[in-house]
Amino acid sequence: MARFQRSTVPRLLYTLYSTRAAPSSPSPSPTASLLLGNFEVRYFSAGSAARAKDDKDPWWKQSMERLRNIGISAHIDSGKTTLTERVLYYTGRIHEIHEVRGKDGVGAKMDSMDLEREKGITIQSAATYCTWKDYQINIIDTPGHVDFTIEVERALRVLDGAILVLCSVGGVQSQSITVDRQMRRYEVPRLAFINKLDRMGADPWKVLNQARSKLRHHAAAVQVPIGLEENFKGLVDLVQQKAYYFHGSSGEKVVAEEVPADMEAIVAEKRRELIEMVSEVDDKLAEAFLNDEPISAADLEEAVRRATIARKFVPVFMGSAFKNKGVQPLLDGVLSYLPCPIEVSNYALDQTKNEEKVMLPGTPDGPLVALAFKLEEGRFGQLTYLRVYEGIVRKGDFIVNVNTGKKIKVPRLVRMHSNEMEDIQEAHAGQIVAVFGVDCASGDTFTNGSVKYTMTSMNVPEPVMSLAVQPVSKDSGGQFSKALNRFQREDPTFRVGLDAESGQTIISGMGELHLDIYVERIRREYKVDATVGKPRVNFRETITQRADFDYLHKKQSGGQGQYGRVCGYVEPLRPGSPIKFEFENMIVGQAIPSNFIPAIEKGFREAANSGSLIGHPVENIRIVITDGASHAVDSSELAFKLASIYAFRQCYSAARPVILEPIMLVELKVPTEFQGTVAGDINKRKGVIVGNDQDGDDSIITANVPLNNMFGYSTALRSMTQGKGEFTMEYKEHLPVSQDVQMQLVNNYKANKEAE
């Protein structure tokens with residue numbers, strides 16, 4: 001909300017009210033008023049000003065309380081984008097509905113990339129905002145595929161609340177569990193929405209029980225559906241005890257009626273269950289419940305809100321986004337139960353006080369603190385999405401990037417609606433906006449220069465799969481490297497490296513789909529055709545026992561020679577160690593001058609970048625240097641660096657090295673009749689089955705399988721299950737390979753080297 005300069009009106013003070021929202025407290029009568037756009041400026045004489053000051057909250061309080069930042073996330077194909085499309089339609093942001101894989105070929109508003117529309121999946125999280133009942137809601141629609149996990153991480157990092165969408169047929173699936181884990185990590189309060197109640201086999205109560213058992217949610221339904229599958233007509237609100245029906249061509253007319261007589265018993269039972277569940281975590285409601293007092297709708301709503309914001313309770317809503325039922329009550333639930341920005345505690349790290357945690361009050365009065373959580377390359381240069389945590393950012397202001405120390409001017413400030421934008425002059429705490437022309441990386445913090453705060457960074461998972469790519473024609477090398485640089489800055493899980501031996505460009509990411517999408521985007525957005533090599537798995541090497549080294553590097557050629565001797569030992573780090581490489585200097589005295597020690601560490605780190613078994617990085621290794629020798633003239637940093645590289649190679653084979661391979665946690669859902677075939681195939685792929693549950697006619701198999709044996713698995717699974725099976729996988733850990741696999745990998749590596 002804008003503030004005006006106090007200059008022209010002597011001894012007159014003015015307050016600012018939005019003409020859309022009535023002021024919350026009785027105010028003194030103004031001596032003059034002026035209408036400016038949506039705002040009314042009321043002038044008060046100095047006498048009434050004192051009374052106004054006492055009555056009035058800070059200028060930003062009402063605007064902050066009417067703001068919600070929410071994300072919509074769930075398992076693949078649970079209906080997130082369809083739900084967002086309906087939300088935008090009912091709030092008046094779009095005027096017609098297009099389906100995700102619609103026949104009209106337009107595609108959903110939030111899937112703005114051509115690839116997303118073709119494949120019918122969300123690849124990037126898209127931001128938009130809308131207004132519902134005088135509240136402004138910022139929404140981020142996130143992908144469901146495990147390959148795009150980072151998009152979900154980034155969205156949840158900056159949101160105050162979330163909607164977890166669950167499919168009423170599929171229930172709690174593997175990615176629902178991952179998303180829920182991410183919500184827990186960022187302490188995001190959430191509502192659950194059980195979607196697709198119009199589908200065959202819809203059973204919301206089964207899904208609710210799964211949420212309690214699998215997600216450990218303290219959850220209860222706040223609605224009961226009227227009919228299911230093709231008979232699904234409407235919903236009964238358990239808090240207000242009203243039945244809602246959705247009429248009109250797109251369900252835009254919500255009609256409230258009394259609860260149908262044949263449903264009174266189930267409504268009373270479910271309402272009692274809701275009150276019991278909330279009473280367990282809310283003392284105020286528990287007191288009324290134990291005293292057998294009648295509980296009013298307002299008391300119950302307040303209790304649910306308190307428990308949800310405290311993350312002790314998850315209210316469960318129901319509906320069918322595709323059939324336009326249940327979306328408006330869900331929007332009401334967002335306003336009623338999810339927190340506004342000042343009700344969530346956000347912490348920053350003070351860089352001047354050794355990263356001490358500082359709580360941000362989240363008000364526009366404080367110094368500016370904003371986090372760049374997502375970058376995009378737009379038509380007009382780099383677009384940076386900012387979440388403002390405190391203070392105000394204005395167009396033309398100078399802001400400081402705390403991570404780099406650079407001072408930058410804000411040339412243009414916009415609000416995003418999928419891929420369209422709307423220019424704004426300023427944004428205050430709690431808002432999500434985008435700025436143009438600001439050079440930064442994902443996860444940087446901006447302030448106005450008065451404080452040195454950084455927001456805690458996001459959790460970025462390690463890439464699990466690599467591909468070799470190279471442009472078909474030599475002329476397009478510039479565009480090719482430009483594309484890779486851009487994608488790397490946009491997506492922290494996408495890494496680009498150079499294979500030192502073959503000279504090929506290696507891209508690494510979260511899975512086959514992730515890398516395929518990027519290769520496709522290089523072709524479409526940069527018009528560069530690239531050839532793709534066979535996928536490579538990111539193996540690692542490690543040692544299993546201690547080995548000593550004592551190496552003298554001596555080289556005498558005319559002039560200054562090279563001389564360096566290093567002695568010590570290597571040993572494996574203890575299991576579960578947070579660091580992968582440790583170097584310790586235990587030399588007593590000055591056997592090696594201390595200025596050469598960093599060069600020795602650098603040499604060992606360089607040597608550990610490629611082990612001698614298959615040339616992959618060596619992990620979980622501790623190097624201790626105990627002695628050495630130097631020469632007054634011939635010793636140099638280069639001599640000691642080379643000595644340490646050769647010393648590492650000398651002792652490496654004595655330390656009994658093993659190869660580690662990435663193990664994936666695979667969750668399969670297959671019809672029971674194919675269970676035997678699928679389980680046999682997993683065993684053939686050297687997988688270990690760790691769980692087998694029954695869900696109706698389906699078997700849910702959980703297994704740990706080496707990634708190296710999972711290539712092309714989606715095709716194999718489809719042919720084994722007549723196209724009825726589905727699977728998701730995510731990285732679990734690196735484990736040693738068996739002896740025969742190790743021999744095979746080492747022989748292949750040697751053969752490839754000889755061939756080159």
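The following dialogue examines how terms are applied to a predicted model.

Student: How many helices and strands does the protein chain have, and what makes a run a helix or a strand?

Tutor: The chain holds 18 helices and 41 strands. Both are DSSP runs numbered from the N terminus: a helix is H or I over at least four residues, and a strand is E over at least two.

Student: Why is N324 called buried?

Tutor: Buried means under 20% relative accessible area, exposed over 50%, and partly exposed in between, with a 1.4 Å probe and protein chains only. N324 has a relative accessible area of 10%, so it is buried. Its place is the loop between β14 (314-318) and α11 (327-337), and N324 has a positive phi of about 60° although it is not a glycine.

Student: Why does K527 count as exposed?

Tutor: The relative accessibility of K527 is 70%, and therefore K527 counts as exposed. K527 lies in the loop between α13 (512-526) and β31 (530-532). Its phi is near 55°, a positive value in a residue other than glycine.

Student: Why is Y518 called buried, and which residues is it in contact with beyond its neighbours within four places in sequence?

Tutor: Y518 has a relative accessible area of 6%, so it is buried. This residue is found in helix α13. Contact means heavy atoms within 4.5 Å; leaving aside neighbours within four places in sequence, Y518 is in contact with F487, D491 and F494.

Student: What share of the 756 residues in the protein chain is buried?

Tutor: Buried residues make up 54% of the 756. As for contacts with a separation of 6 or more, 70% of them join residues 24 or more positions apart.

Student: How do you know that the span of helix α10 agrees with its number of residues?

Tutor: The expected span of a helix is 1.5 Å times one less than its number of residues. Helix α10 (residues 297-309) has 13 residues and should span 18 Å; its end C-alpha atoms are 18 Å apart, so the two agree. The buried residues of α10 are L300, A303, V304, R305, A307, T308 and I309. What covers them includes β4 (67-74), β8 (190-195), α8 (264-281), α9 (283-290), β14 and α11. Just after α10, R311 takes a positive phi of about 60°.

Student: What makes β11 a paired strand, and which strands does it pair with?

Tutor: Two strands pair if DSSP finds at least two bridges between them. Strand β10 (residues 223-226) and β11 pair in the antiparallel sense over 4 bridges, and 4 bridges also join β11 to β12 (residues 242-247), again antiparallel. G234 in β11 stands opposite I226 and also opposite Y245 in β12. In the hairpin of β11 and β12, with 4 residues between the strands, Q241 takes a positive phi near 55°.

Student: How do you know that both faces of β11 are covered?

Tutor: In a regular strand the side chains alternate between the two faces of the sheet. In β11 (residues 234-237), G234 and V236 on one side and L235 and D237 on the other are all buried.

Student: Which strands pair with β20?

Tutor: Strand β20 (residues 398-401) pairs in the antiparallel sense with β21 (residues 407-409) over 3 bridges. The bridge partner of F398 in β21 is K409. The hairpin of β20 and β21 has 5 residues between the strands, and G405 in the turn has a positive phi of about 85°. β20 also pairs in the antiparallel sense with β26 (residues 445-447) over 2 bridges, where V400 stands opposite T447.

Definitions and conventions: Residues numbered from 1 in each chain as written. Predicted model: local features only at pLDDT ≥ 70, side-chain atom pairs only at ≥ 80, totals over all residues. Heavy atoms only, no water.
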